[in-house]
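I opened a new notebook page today. My plan was to look things up one at a time and write down what turned up.

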Amino acid sequence: VEQAKETQPPTIVKQSLKDYIVDPRDNIIIECEAKGNPVPMFSWRRNGKFFNVGKDPRVTMRKRSGTLEISFRSGGRPEDYEGEYQCFASNDFGTALTNKILLRVSKSPLWPKEVLEPVVVTEGSPLVLSCNPPPGLPPPLTFWMNSTQDRRVSMGLNGDLYFSNVLAKDSQTDYSCNARFLFTHTIQQKNPYTLKVQTSRKVTETPPAFLSPTGTDSSMMVLRGEKLQLECIASGVPTPSIKWFKKGGDLNQKVKLENYNKTLQIDSVSEEDAGEYMCMANNQIGSIRHSIYVQVKAAPYWLDKPSNLVLAPNENGRLVCRTNGNPKPDIQWLVNGEPIASFHPHLTLLTPTREVVGDTIIFRSVQTGSSAVYQCNASNQHGYLLANAFVNMAPRMLGPKNQLIKVIENNRTFLDCPFFGSPLPELFKNGQGSGLDGGHYRVYINGTLEIKRALAEDQGTYTCVASNILGKEENQVRLEVKEPTRIVRAPEHQSAIRGTMARFDCRVKSDASLPITVTWLKDDKPLSLGWRLKKDEDSLSIPSVNEGDEGVYTCTVKTEIDQDTASARLTVLESNPTALRSADRPDPPTDLELSDPAASSIRLTWIPGDDHNSPVTRFVVQFEEDHWERGKWQNLSSYPGDLNSVVLQLSPFINYQFRVLAVNSVGQSRPSRPSQRYQTSPAPPDTIPSDLKGWGTNKNNMEISWEPLLDTERNGPNLKYLVWWRRKDTGEDWSNVTTEKTKHIVQDTETYVPYEIKLQAKNDIGPGPESNIITGYSGEDKPTAPPTDLRVFKPESTKVSIHWTPVDPSTVQGEFKEYRVYYWREASMVKGLHVNKEKKTKGFYSTVAQPTGILTDLHPYSHYRMFMVVANTRYEGPPSNHVEFYTKEGVPDVPTSLKIVQRSTDYIRLEWEKPVEPNGILIGYTLKYQTGDFLPNVTSYKLRLPDRALRYKFYLAARTQVGAGEVLAVESPHFTNEGKSPPRVLNTRLYHVDIATQGWFIGLMCAIALIILILLIVCFIKRSRGGKYPVRDKKDLPLEGVDQKGEDGSFDYHSDEDNKPLQGSQNSLDGGVKESDDSLVDYGEGGDGQFNEDGSFIGQYTVKKDKDETEGNESSEATSPVNAIYSLA
């Protein structure tokens, strides 16, 4: 759908604070962001006059924004730009204004130089050491060094240090007042006072006298919403105690007493906090009082803030601007930043389409071109409010675009068309015809189209069009009408003999375009199929049924928009033919009778029905009450089948009715007829509400919640809950509230402080038992301090140890969760390798004084950066110092590929690619089959094939200075040769067979030994006769060549030498043959390719040969029988 361009007057979306204090060391940024269509243009006024941004080289305005940036890189003083700024955002449909932003530069003046004479005072006298910090912007925070503050010595709100009475131990030379300036993070220190105390043998006791404030009364004005702080500091010996009162009532819950009761504080003042507060100072000598009259004024605040108005031609509307304050605010209306007229309560301003009546503008029969932005300015001597609200006439769609809605045939459906504007949108089907309304269509005033009964012909695309003379917008909804999902062959009740097969049908018919899901339930719980039960497309089969299979089976068929269900009961019968013929469910019990009523019990008696040849095993007693869940029968208890009279334990305040069911091996009877009703008397609750807990939902509250009592646990009318709470370990009194809800929110708490909480249920009869006291916590806030001195220790290739200095637990401002490290891979030290810089996190839970942790799974030979935050269960704190570290080289990853790129009957050519992660500087590759170390720039190898009938397996690994990495394996392909035996394929999984234990081998060895014995006897006989052994012919035979390694790196193998070792084997130190470390079993499938100490690797699968045995056989004599035996072995 082609969407019409929506027009909108400007709306301010971001602006700086009214009282804007900036740091003189930074550039000044004054924010002004607005949205609108067309995009707004921005201009500024400074101190009420047009501010030409383009003429000042230090001032720039951001693109598509009104935000100003004042730079001092080329000089200039930030103080020159102090003043009152206001931003104007304008387009063709109006002008919106920001607040007037008072820009001031932060100041941190030095303390004036002064020489302070030593202060001499007698012991027991009062003393005030003045601070008088330099006036800063904002005002500094003051504190005193080297002074322990308590009931006797404390700092006042003005920063002075007050001594109620001086003791000899107060003699010091370094009482210094310090001023901390927040913007510049600097602390200025005043020259220290020297205090000399003249001691006396006995300190005279004196009655209290006020040091601050003075006199008998004083007054204070505070604005609504601000913090109220009242102070009373008194002198006297002994040190007086301070108590506070409010005339005409008690101190409310908002009042906090601090500084040993010397300061009364209310964080957010309201009008009811005004009045006369009295502080009383007393000791054992006397007491005095001081009255403070608190007056609460109010800057303007909103009662009804004007909101944007969208009208159609000839429509009416109104903008309302209701405020309150003390004194009552004056209201002025502006349009596009220009005053309409000064507001007067009895003045009515009238134009043809606009009328100002008091705090309301009324629009009548608006016409084209009435779009504008109106401003309401409410002000009194304590402040002002400014709000923008536009009047616009363009329509706008609010809902999602191009929805697809599926509905089952003959069902009702709604097509939503939420819009913003007038007149009412029109709806068309398939882009044709007039608006839809009437018949089985109905259009609601909010633009929604109702189709009362969807038919197949209703399927199609519906277009919603909202238009007026200022614009047009469309939205489309695609409606698909589907066939209903139905079970056409439902499961039926059946009885099955134990050990036979039971089968339930569930054949479904549904719309072909909707995927269906078929699930089975047994007794309303998901059925676990296991190995025995079988489910196919249309049925459920239960082979070899037993008593555990008895129950109600439900087939549920679901699609994304509808479902259907059907149920049937399976009854399992004994295999006894007699029982099969006669056994059935029992008849229901009869003649229910109530007797022996008591406060919480009654006796129920009944007559059992016929058991139908299957004894009753138990009776189930059910109840129904007519107050909370009328008509719902619930199980009360069950009893053995030989009982017919039981005492029922009941709950108070319930009008009971009972019925009984009998159960035997076949099943459950029908319910009996209900008994007469029995109303139990009400009583106090006897259950404690469960799951009591307290936890803050924001930083200054605590939500106390619990699980409500069940209806049957109310025990009487008008159930309520009594909630108690108090600060833990402070000794304060319990606060409490009575509520019908299941939670209560305690407001104006400090951040994350523990509370003791208890709970009790009560009704009109009385209270129930109290719960145990639990500990809850008020809300968490962001941690204020970062971990410090984050550093690394012993970086390795894939891990590094980290150390840090923990934060003060009080700065966590919540339940400590963990120290969370954010770390990322900045770069690889391998040139040209691109890395993923995604941040990762790891948490460390540690409360020790010197915590440590280990970061693992790092990439070797890489540059990393990290920082740490402390986290509570809701927030993270500020970041620590950033740390860089470098991991050491590691072994490379597996090469990217190893493949045979060329092969013939004589050789194989291998090629490979570098690893994705070298993890260091590659120094080469190791190819294992029988030999092979390669330089890092070599990525191919050509091997001559000694025997085409063999298959070779090759192992390749890249190497760094640290060592060889993971091995990549490849196996040579088959070679086919017609007319020859098929090639010998050696599986990667080999089996070692000890032929010395085989029967055929033992028999063969015995036969060979017998032949040798006969030959020895023959030789002995011939020698004893003087005969000669004929060796001449044997000497003339040429010697067989031994395996030699060619210049091209190829090898010739002779398969008739059964005991020649591979070249990878080594000679032992004593000159004997040392068997190779390699084993074919080691290179079987699933094993790891292992290397010998000299780096060699046997990868060709052939029989081992004893090389020394062959090469040493240089005699011209025939092979001895002993050698023949050895070769056979």
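My entries follow, grouped by topic.

**Ground rules**

I am working with a predicted model, in which local features need pLDDT of at least 70, side-chain atom pairs count only at pLDDT 80 or more, and totals for chains, interfaces and linings use all residues. I number residues from 1 along each chain as its sequence is written, and side-chain values use heavy atoms, with hydrogens and water left out.

My strands and helices are DSSP runs, numbered from the N terminus: a helix is H or I with at least four residues, a strand is E with at least two.

**Disulfides**

I began with the cysteines. A disulfide is a covalent bond between the sulfur atoms of two cysteines. How many disulfides does a search of the whole structure find? It finds five. Buried means under 20% relative accessible area, exposed means over 50%, and partly exposed is in between, using a 1.4 Å probe and protein chains only.

Cysteine 131 is joined to cysteine 177, with 1.9 Å from S to S. The torsion about this S-S bond is about -65°, so the disulfide is left-handed. The pair links distant parts of the chain, 46 residues apart. I found cysteine 131 in the loop between strand E13 (127–129) and strand E14 (141–145), and cysteine 177 in strand E17 (residues 172–181). Cysteine 131 has 0% relative accessibility, so it counts as buried. Cysteine 177 is buried too, at 1%.

Next I took cysteine 321 and cysteine 376. Their sulfur atoms are 1.7 Å apart. The link is left-handed, with -60° about the S-S bond. It spans 55 residues, from the loop between strand E30 (317–320) and strand E31 (322–326) to strand E37 (residues 372–380). Cysteine 321 is buried at 0%, and cysteine 376 is buried at 0%.

Then came cysteine 506 and cysteine 555, a disulfide with its sulfur atoms 1.9 Å apart. This link is left-handed, at -65°. Cysteine 506 sits in the loop between strand E50 (502–505) and strand E51 (507–509), while cysteine 555 lies in strand E56 (residues 551–558). Cysteine 506 is buried at 1%, and cysteine 555 is buried at 0%.

**An open sheet**

Strands of a sheet pair through backbone hydrogen bonds, either parallel or antiparallel. I count two strands as paired if DSSP finds at least two bridges between them. In what order do the four strands of the open sheet run? The order is E76-E75-E78-E79, with antiparallel pairing. Strand E76 (840–844) and strand E79 (883–886) are the edges, each pairing on one side only.

I then looked at one pairing. Eleven bridges join strand E75 (residues 816–828) to strand E78 (residues 862–872).

**Tyrosine 755**

I found tyrosine 755 in strand E70 (residues 754–762). Its relative accessibility is 7%, so it counts as buried. I listed its contacts (heavy atoms within 4.5 Å). Leaving aside neighbours within four places in sequence, they include Met702, Trp725, Arg727 and Thr775. Tyrosine 755 and threonine 775 are 20 residues apart in sequence, yet 5.6 Å apart in space, C-alpha to C-alpha.

Most residues other than glycine have a negative phi, and most peptide bonds are trans. I noted the exceptions here.

- A cis peptide bond joins leucine 137 and proline 138, with omega about -5°. Proline 138 is in the loop between E13 and E14.
- Another cis peptide bond joins valine 237 and proline 238, with omega about -5°.
- Aspartate 729 has a positive phi of about 60°. It is in the loop between strand E67 (720–727) and strand E68 (735–739). At 71% relative accessibility, aspartate 729 counts as exposed.
- Tyrosine 752 has a positive phi near 45°. Its loop lies between strand E69 (743–747) and E70.

**A region from the record**

Last, I checked UniProt. Its unreviewed entry marks residues 999–1021 as "transmembrane region". UniProt positions are given in the numbering used here, feature names are shortened, and annotations may be inferred rather than shown by experiment. In the model, residues 999–1021 are 100% helix and 0% strand, with the end C-alpha atoms 34 Å apart. Cysteine 1019 is partly exposed, at 38% relative accessibility.

Conventions. A disulfide is a pair of cysteine sulfur atoms within 2.5 Å.
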